[in-house]
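Here is a short briefing to read alongside the sequence and the 3D view. Keep the structure open as you go through the points.

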Amino acid sequence: MDKDGDFELTGSYHERTQRVQLTRRYTHTTEPSQEGVGIPYDYDGLWDGAMVSGRWHMRTYPLMGGSFEMWPSREEDQQELRIELKEDTLVHS
């Protein structure tokens, strides 16, 4: 889940190093123009047993990014695992 819209995640987890590498692409956004749909955002972080934290950036603008925290949220009435994102945006000039 994300306040900016619906998205798909692809990526990998390296058990030995606990490193997580993800790419997120929005399929629908809260932006009326839908301008962000399809743009890849790359995430590189570490799993600590409870959550993943690290850095994210837009693939097309690598200097635009920031820190993130991501954790699983299980609801008793759902069998799906949902991911909640908390991002702090940082833009480098």
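Leaving aside its neighbours within four places in sequence, Thr-29 is in contact with Asp-4, Gly-5, Gln-34, Gly-36 and Val-37. This is a predicted model, so please read what follows with that in mind.

**Around Thr-29**
- Thr-29 lies in strand S2, which covers residues 19–29.
- Is Thr-29 buried or exposed? Its relative accessibility is 8%, so it counts as buried, the cut-off being under 20%.
- A polar atom of the Thr-29 side chain lies 3.2 Å from the backbone nitrogen of Glu-31.

**S2 and its partners**
- S2 pairs with strand S1 (residues 5–14) in the antiparallel sense over 10 bridges.
- Within that pairing, Ser-12 has Gln-21 in S2 as its bridge partner.
- Four residues separate S1 and S2, which form a hairpin; in the turn, Gln-18 has a positive phi of about 60°.
- S2 also pairs with strand S3 (residues 40–47), again in the antiparallel sense, over seven bridges.
- Here the bridge partner of Arg-25 is Pro-40 in S3.

**The chain as a whole**
- You will find six strands and zero helices, giving the pattern β-β-β-β-β-β along the sequence.
- The chain has 93 residues, of which 26% count as buried.
- Taking contacts between residues at least 6 apart in sequence, 29% join residues at least 24 apart.

Technical notes
Residues are numbered from 1 along each chain as its sequence is written. This is a predicted model: local features need pLDDT of at least 70, side-chain atom pairs count only at pLDDT 80 or more; totals for chains, interfaces and linings use all residues. Side-chain values use heavy atoms; hydrogens and water are left out. Helices (H or I, at least four residues) and strands (E, at least two) are DSSP runs, numbered from the N terminus. Buried means under 20% relative accessible area, exposed over 50%, partly exposed in between (1.4 Å probe, protein chains only). Contact means heavy atoms within 4.5 Å. A polar contact is a pair of N or O atoms within 3.5 Å; within protein, one must be able to donate a hydrogen and the other to accept it, and residues adjacent in sequence count only if both atoms are side-chain atoms. Two strands pair if DSSP finds at least two bridges between them.
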